[in-house]
Protein chains: 2
Amino acid sequence: MTTTGDTDDARVDEILSRLKGSSGRLTTGRRAIVQALLAAGDHHLNADELAAAVQAQHPHIHLSTVYRTLDALEVAGVLDRMALGTGGAVYHFTDHVHHHLVCKDCGAVVDIPPDLVSSLTGELQRRFGYDLDQARLAVSGRCERCRAALPTTSTSR
Amino acid sequence: MTTTGDTDDARVDEILSRLKGSSGRLTTGRRAIVQALLAAGDHHLNADELAAAVQAQHPHIHLSTVYRTLDALEVAGVLDRMALGTGGAVYHFTDHVHHHLVCKDCGAVVDIPPDLVSSLTGELQRRFGYDLDQARLAVSGRCERCRAALPTTSTSR
DNA sequence: GTCATTGCAAATGGTTTGCATTGTA
DNA sequence: TACAATGCAAACCATTTGCAATGAC
């Protein structure tokens, strides 16, 4: 099932052109990487998984190319990189703002809708002068499942 | 200048005894590591920096011992480990709850007082069932200095 | 004496880099 | 043709692990 479409194609072109900005070049590798990134949608892909997805169609594309393209996209302001504990950094499109609730035990990630945190980021921005328009927030706690799986430390609390 | 004191000594003993809980043993290495951790106060030390601090007095204490002790302290519930972007994870005492505002450019870290985030964590706890009593929050944005240092990309976006 | 802890070296996982080659512009 | 991007291998950083030696109990 091809998840592609005209909309995505247009988006791919737009992103690639932003990469072109400072005398960059459009290669099949970069196109494939951006396509895979878009196809992943809301999934949290790390560089390895992205490379695997790309290599399904273009086996010769090297992991280091993926890293270099991700870097370029980050510099171009297209992507945000974020380290969510273990398993490698994950990447998001800068225009798709959301935040993360991460289980410190199993690593499960839940997306937090931005409106829940906007008052906090506003306050932080006011207090500390940080630019948080594109802020990424990671909250680490323990998910329900892992909480239940805990040895009976129940009395503590 | 010994930053130590009776208070700290008592705290060191208390922490070491928590490590002893399940047939653990008290070694000079562990004591030195816990002391260094307490002496660091609010600083955000990573394993490397902690090892350096310890080795100033006990040169033979190996980095891997530091890692193993930090692990043990985490398991014992004394410490929380947290990855703040680059440069290795940092550790905090679990009873000293605070959060972090991290500059995505220069890595500068500002501590966020817990009361600013409590309403958010409460809401997240309610919505997603995560246990956030000991939550750690990392907000990544751009600090004032880096913001000023940015090339005039102001029109883009 | 037992066995947890340590030192050390080597392995690991994620990421970056140097360099010769490829391929876009 | 010129030079950005790539493949590849090697380097790199933070962290973990196997194993024999040490030292706390």
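Predicted model: local features only at pLDDT ≥ 70, side-chain atom pairs only at ≥ 80, totals over all residues.
Chain A has 157 residues, of which 38% count as buried. Among the contacts in chain A with a separation of 6 or more, 49% are made by residues 24 or more positions apart.

Chain A is divided into domain 1, covering residues 1–95, and domain 2, covering residues 97–149, and the centres of domain 1 and domain 2 of chain A, taken over C-alpha atoms, are separated by 24 Å. To the contact between them, domain 1 of chain A contributes 8 residues and domain 2 of chain A contributes 10 residues. The size of an interface is often given as the accessible area lost when the parts come together. For domain 1 and domain 2 of chain A, the area buried between them is about 790 Å², with 57% of it on carbon and sulfur atoms. On the side of domain 1 of chain A, the residues that lose the most area to domain 2 of chain A are His44(A), Met82(A) and Leu84(A), which together account for 51% of what that side buries.

Polar interactions also occur across this boundary, where 5 residue pairs of domain 1 and domain 2 of chain A are in polar contact, both residues being at pLDDT 80 or more. Strand E1 (79–82) and strand E2 (90–93) of chain A are the elements that give two or more residues to the side of domain 1 of chain A that touches domain 2 of chain A, and by class that side has 3 nonpolar, 3 polar and 2 charged residues. The count of salt bridges between domain 1 and domain 2 of chain A is 1. A salt bridge joins the side chains of Arg136(A) and Asp80(A), at 3.3 Å from N to O.

The interface between the two chains takes 35 residues from chain A and 37 residues from chain B. Chain A and chain B bury about 3,000 Å² between them, and 62% of this area lies on carbon and sulfur atoms. The chains are linked by 2 salt bridges and by 9 residue pairs in polar contact, with both residues at pLDDT 80 or more. On the side of chain A that touches chain B, at least two residues each are supplied by strand E3 (99–103), strand E4 (109–112), helix H5 (118–128), strand E5 (131–142) and helix H6 (144–149) of chain A. E5(A) gives the most to that side, with 11 residues, and by class the side of chain A that touches chain B has 19 nonpolar, 5 polar and 11 charged residues. A salt bridge between the chains is formed by Lys104(A) and Asp80(B), whose closest N and O atoms are 3.7 Å apart.

Over all chains, the structure holds 22 salt bridges. Side chains of opposite charge can pair when their charged atoms come close. In chain A, the side chains of Arg81(A) and Asp71(A) meet in a salt bridge at 2.5 Å from N to O. Because Arg81(A) lies in strand E1 and Asp71(A) in helix H4 (residues 63–75) of chain A, the pair ties together parts that are 10 residues apart in sequence. Arg81(A) counts as partly exposed at 36% relative accessibility, and Asp71(A) counts as partly exposed at 34%.

In chain B, Asp105(B) forms a salt bridge with Arg142(B), with the closest N and O atoms 2.9 Å apart. This pair links distant parts of the chain, 37 residues apart, with Asp105(B) in the loop between strand E3 (99–103) and strand E4 (109–112) of chain B and Arg142(B) in strand E5 (residues 131–142) of chain B. Glu123(B) forms a salt bridge with Arg127(B), the closest N and O atoms again being 2.9 Å apart. Glu123(B) and Arg127(B) are 4 residues apart in helix H5 (residues 118–128) of chain B, and are therefore separated by about one helical turn.

Asn46(B) is placed in the loop between helix H2 (28–40) and helix H3 (47–55) of chain B. With a relative accessible area of 13%, Asn46(B) is buried. The side chain of Asn46(B) reaches the backbone nitrogen of Asp48(B) at 3.1 Å, and, not counting residues up to four places away in sequence, Asn46(B) touches Gly87(B), Gly88(B), Ala89(B) and Val90(B).

Conventions: Residues numbered from 1 in each chain as written. Chains lettered and ligands numbered in written order. Heavy atoms only, no water. Buried < 20%, exposed > 50% of the residue type's maximum accessible area, 1.4 Å probe, protein only. Polar contact = N/O pair within 3.5 Å; in protein donor to acceptor, adjacent residues only side chain to side chain. Contact = heavy atoms within 4.5 Å. Domains from an automatic or database assignment. Buried area = accessible area lost by both parts, 1.4 Å probe. Salt bridge = Lys/Arg side-chain N within 4 Å of Asp/Glu carboxyl O. Nonpolar A, V, L, I, M, F, W, Y, C, P; charged D, E, K, R; others polar.
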